[in-house]
Amino acid sequence: MNFRSDNCAGAHDLVCESMTKNAGGFAASYGASDLDRRVEEKFNELFGREVAVFFVGTGTAANSLAMTAVNRPGGVVFCHPQAHLAEDECGAPEYFTGGARLCGVDGPLGRIDIERLQRAIDGYPADFVHMGQPMAVSITQSTEIGTLYSLDQIAAISAVCRRNGIPLHLDGARFANALVSLDVSPARMTLEQGVDIISFGGTKNGCWCAEALVFLDIDLARDMPFLRKRAAQLFSKSRFIAAQFDAYFEKDLWLELARHSNAMAARLATGLEASGNCRLAWRPEANEVFPFIRRGTVDKLMKSGGEFHEWPVPSSFAGEVGEDEVLCRLVTSFATTEHDVDRFCEIAG
């Protein structure tokens with residue numbers, strides 16, 4: 001009953017088969033193979049226009065290189081305080097950019113508050129050299145607490161970016177989970193709402209090690225070939241990343257896997273609510289469930305083989321927390337089974 005992270009799940013059989021199928025023979029290296037080109041064209045088809053695609057090995061690399069591509073002297077990136085960019089990347093964005101700073105802009109349920117965002121940007125006036133200068137806004141979709149930005153919310157944040165002359169980056173480590181929940185196309189969720197750069201994740205959704213940096217605004221990618229190489233993210237045998245994406249997109253496997261993951265999260269949330277010993281901190285909108293669970297029940301679940309994380313209560317959480325309640329994070333994946341979900345909820349009861 002592993003709900004620790006979707007990173008704990010393995011790779012889907014079809015992804016593994018694709019890597020094996022492309023393991024033999026010879027192919028051009030450093031992203032120049034026919035397979036690399038074919039997968040890049042698939043990305044163009046996904047977004048309905050030509051985009052610039054750069055394969056990398058990790059989400060941290062994708063996020064950090066995205067910020068490096070738009071870096072400015074004294075640059076400041078605005079993101080939610082809980083963003084992976086800010087909390088879980090060991091200073092990699094600051095390191096890759098050579099000193100850009102992250103400015104946390106809080107908001108309820110893991111989403112940046114738009115009014116606070118404008119006030120934060122206003123705190124760096126263009127004519128005041130001592131403060132530095134805004135260089136990007138980064139949002140996470142789905143968010144770090146399993147919620148979603150609506151299309152209107154993305155568009156509103158993009159409008160703030162446009163007014164201030166900075167690009168909008170979307171951390172899509174769980175891109176597919178957000179997409180199927182909103183039931184829209186990739187272009188509808190991003191390009192049409194004014195997103196400029198995407199960290200497009202496959203690893204959490206059935207791939208082995210497949211992430212892509214996608215520039216919807218191609219002009220922003222002009223230095224990326226050199227930045228990626230300098231960051232040691234230009235894989236010589238990049239066909240193996242391309243092979244994963246090739247299977248991932250074939251017959252919409254990626255969407256099928258995300259739908260399953262989201263469905264397991266909804267089933268888990270319903271079962272926990274019915275247990276009597278748990279209550280949802282907020283309604284899950286993708287594949288992460290955050291319940292308050294009584295301490296005794298947490299201990300019982302862990303002793304019975306349940307694997308999950310206790311989680312800090314977000315500063316923006318407006319509800320009350322009981323003395324014996326623990327906020328927990330449970331993440332479902334393409335490999336989560338109904339049996340594991342139902343067994344976990346049975347023990348919780």
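What follows is a short chat about a predicted model.

Visitor: Ground rules before we start?
Guide: This is a predicted model, where local features need pLDDT of at least 70, side-chain atom pairs count only at pLDDT 80 or more, and totals for chains, interfaces and linings use all residues. Residues are numbered from 1 along each chain as its sequence is written, and side-chain values use heavy atoms, with hydrogens and water left out.

Visitor: Which residues touch the most other members of the largest nonpolar core?
Guide: Phe43, Phe78, Val137, Phe200 and Phe245, out of 54 residues in that core. A nonpolar core here is a set of buried Ala, Val, Leu, Ile, Met, Phe, Trp, Tyr and Cys residues joined through side-chain atoms within 4.5 Å; buried means under 20% relative accessible area, exposed over 50%, partly exposed in between (1.4 Å probe, protein chains only).

Visitor: And what is Phe78 in contact with?
Guide: Leaving aside neighbours within four places in sequence, its contacts include Cys103, Leu117, Tyr124 and Pro134. Contact means heavy atoms within 4.5 Å.

Visitor: Switching to the backbone: where is the cis peptide bond?
Guide: Between Gln141 and Ser142, with omega about 0°. Most peptide bonds are trans, and most residues other than glycine have a negative phi.

Visitor: What about phi of Cys90?
Guide: Positive, near 55°. Cys90 is exposed, with a relative accessible area of 84%.

Visitor: And Asp252, what's its phi?
Guide: Also positive, about 60°, although Asp252 is not a glycine. Asp252 counts as partly exposed, at 41% relative accessibility.
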